[in-house]
Amino acid sequence: MQIVLEAALALLIVFGLLGLGWLLFGKLVAPVGEEGRVFAVIPARGDAETLEHDVQGLLWLRGSDLAAFTVVIADYGLSDQGRILALLLQRREPGLCYCRSEDLPALLSRPSAPEEGGGQR
């Protein structure tokens, strides 16, 4: 019986150390930055079928403190439906910007983060 308890304890310790190592390694390699200095650009086209999923994934990453960045939806030929979706997402999610592809270089060269909802149309 004591052998089973020792084996279980050893497994718990091993998994605990692996989990701790995984978290520490994740902090070392995660793209941590400051909002306004690091950008995640989503080039959106057409009806933007996967746009909401892409945005939610990036917001999860940002919300889990693995990274700090500004999410930018760049319009590379969105349809009216896709543009409406992008603007709705911008209105719903703080720290999300929408801009046309030709305005992207100016947005990325700003010295500070775009204001909330401050994307260009």
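Reader: Which residue in S2 does Phe39 stand opposite?

Author: In this predicted model, Phe39 stands opposite Thr70 in S2, and Ala40 stands opposite Val71 in S2.

Reader: What makes S1 and S2 a pair of strands?

Author: Two strands pair if DSSP finds at least two bridges between them; here 7 bridges join S1 to strand S2, residues 70–78, and the two run parallel, so by the cut-off of at least two bridges they count as paired.

Reader: How many bridges join S2 to S3?

Author: S2 and S3, which run parallel, are joined by 5 bridges, and one example of residues facing each other across these strands is Val72, which stands opposite Cys97 in S3.

Reader: What kind of sheet do the strands form, and in which order?

Author: The 3 strands form an open sheet with parallel pairing, in the order S1-S2-S3. Strand S1 (39–46) and strand S3 (96–100) are called edge strands, as each pairs on one side only. Neighbouring strands of the sheet are turned by 25° against each other on average, with direction ignored.

Reader: How do you know that S2 is mostly covered?

Author: Of the 9 residues in S2, 7 are buried, where buried stands for a relative accessible area under 20%. In the protein chain of 121 residues, buried residues make up 30%.

Reader: Which helix lies across the strands of the sheet?

Author: Helix H3, residues 80–92, lies across S1, S2 and S3, and runs at about 165° to S2; angles over 145 degrees count as roughly antiparallel.

Reader: Why are H2 and H3 called roughly parallel, rather than roughly perpendicular?

Author: The axes of helix H2 (residues 51–63) and H3 come within 10 Å and cross at roughly 25°. Because angles under 35 degrees count as roughly parallel, H2 is roughly parallel to H3. The crossing of H2 and H3 is right-handed.

Reader: Which residues make the contact of H2 with H3, and how do they divide into nonpolar, polar and charged?

Author: H2 brings Leu51, Glu52, Val55 and Gln56 to the contact, while H3 brings Leu85, Ala86, Leu89 and Arg92. The residues of this contact divide into 5 nonpolar, 1 polar and 2 charged.

Reader: Why does Phe69 count as buried rather than exposed?

Author: Phe69 has its place in the loop between H2 and S2. Its relative accessibility is 4%, and since buried means under 20%, Phe69 counts as buried. Between Phe69 and Leu96 the sequence separation is 27 residues, and their C-alpha atoms are 9.7 Å apart in space.

Reader: In what order do the elements of the protein chain run?

Author: From the N terminus on, the order is α-β-α-β-α-β-α, with 4 helices and 3 strands in the chain. Among contacts between residues at least 6 apart in sequence, 69% join residues at least 24 apart.

How values were computed. Residues are numbered from 1 along each chain as its sequence is written. This is a predicted model: local features need pLDDT of at least 70, side-chain atom pairs count only at pLDDT 80 or more; totals for chains, interfaces and linings use all residues. Side-chain values use heavy atoms; hydrogens and water are left out. Axes are lines fitted to C-alpha atoms, for helices over the stretch in contact, and angles run from 0 to 180 degrees between N-to-C directions. Contact means heavy atoms within 4.5 Å. Angles under 35 degrees count as roughly parallel, over 145 as roughly antiparallel, 65 to 115 as roughly perpendicular and the rest as oblique. A crossing is left-handed if the near helix is turned anticlockwise from the far one by less than a right angle, and right-handed if clockwise. Ala, Val, Leu, Ile, Met, Phe, Trp, Tyr, Cys and Pro count as nonpolar, Asp, Glu, Lys and Arg as charged, and the others, Gly among them, as polar. Buried means under 20% relative accessible area, exposed over 50%, partly exposed in between (1.4 Å probe, protein chains only).
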